[in-house]
Amino acid sequence: LYHVGGDVSAPTLIFSPDPQYSEQARQAKYQGVCVIALIIDAQGNPTRVQVVRHLGMGLDQKAVEAVKAYRFKPAMRFGKPVAVTVNIEVNFRLN
């Protein structure tokens, strides 16, 4: 398991569905950023997805659901795909 930097390139996000708003948060006009920690495996799939900065009002779970559907071109080290740990910010904004 690696961290991005040095001889480890960052994974590239290739599919990222927008997170859904919880009804509770929508009614309260609640906005903010939820931070998710995860491991992107050597196939580019998110694993061990967990919230490290909570928002509440049901948005943490919605952020986790969205990030689990993300797909990446995996991180590379010496030309080979490797698993890396990353944090992702999921922004909740009402239009």
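The protein chain of this predicted model comprises two helices and eight strands (DSSP runs numbered from the N terminus, H or I of at least four residues for helices and E of at least two for strands). From the N terminus, the order of elements is β-β-α-β-β-α-β-β-β-β. Numbering starts from 1 along each chain as its sequence is written, and side-chain values use heavy atoms, without hydrogens or water. In this predicted model, local features need pLDDT of at least 70 and side-chain atom pairs pLDDT 80 or more, whereas totals for chains, interfaces and linings use all residues.

The C-alpha atoms occupy a box of roughly 50 × 20 × 20 Å along the principal axes. Of the 95 residues, 38% are buried (under 20% relative accessible area with a 1.4 Å probe, protein chains only; exposed is over 50%, partly exposed in between). The chain exposes about 5700 Å², and carbon and sulfur atoms supply 49% of that area (Shrake-Rupley method, 1.4 Å probe). Among contacts (heavy atoms within 4.5 Å) with a separation of 6 or more, 74% link residues 24 or more positions apart.

Strands S3 (residues 32–40) and S4 (residues 46–53) run antiparallel and are joined by five bridges (strands pair if DSSP finds at least two bridges between them). Ile 36 of S3 stands opposite Val 51 in S4. The two strands form a hairpin with five residues between them. Gly 44, in the turn, has a positive phi of about 90 degrees.

Asp 60 lies in helix H2 (residues 59–68). This residue is buried but has no salt bridge (a side-chain nitrogen of Lys or Arg within 4 Å of a carboxyl oxygen of Asp or Glu). Arg 53, the nearest side chain of opposite charge, is 9.6 Å away (Lys and Arg count as positive, Asp and Glu as negative; His and chain ends are not counted). The Asp 60 side chain instead reaches the backbone nitrogen of Leu 55 at 2.6 Å. Beyond neighbours within four places in sequence, Asp 60 contacts Cys 34, Val 51, Arg 53, His 54 and Leu 55.

Asp 7 sits in the loop between strands S1 (2–3) and S2 (12–15). The residue is partly exposed, because its relative accessible area is 37%. Outside four places in sequence, Asp 7 contacts Met 76, Arg 77 and Phe 78. The C-alpha atoms of Asp 7 and Phe 78 are 7.0 Å apart, although 71 residues separate them along the chain. The side chains of Asp 7 and Arg 77 form a polar contact of 3.4 Å (N or O atoms within 3.5 Å, one able to donate a hydrogen and the other to accept it; residues adjacent in sequence count only if both atoms are side-chain atoms).
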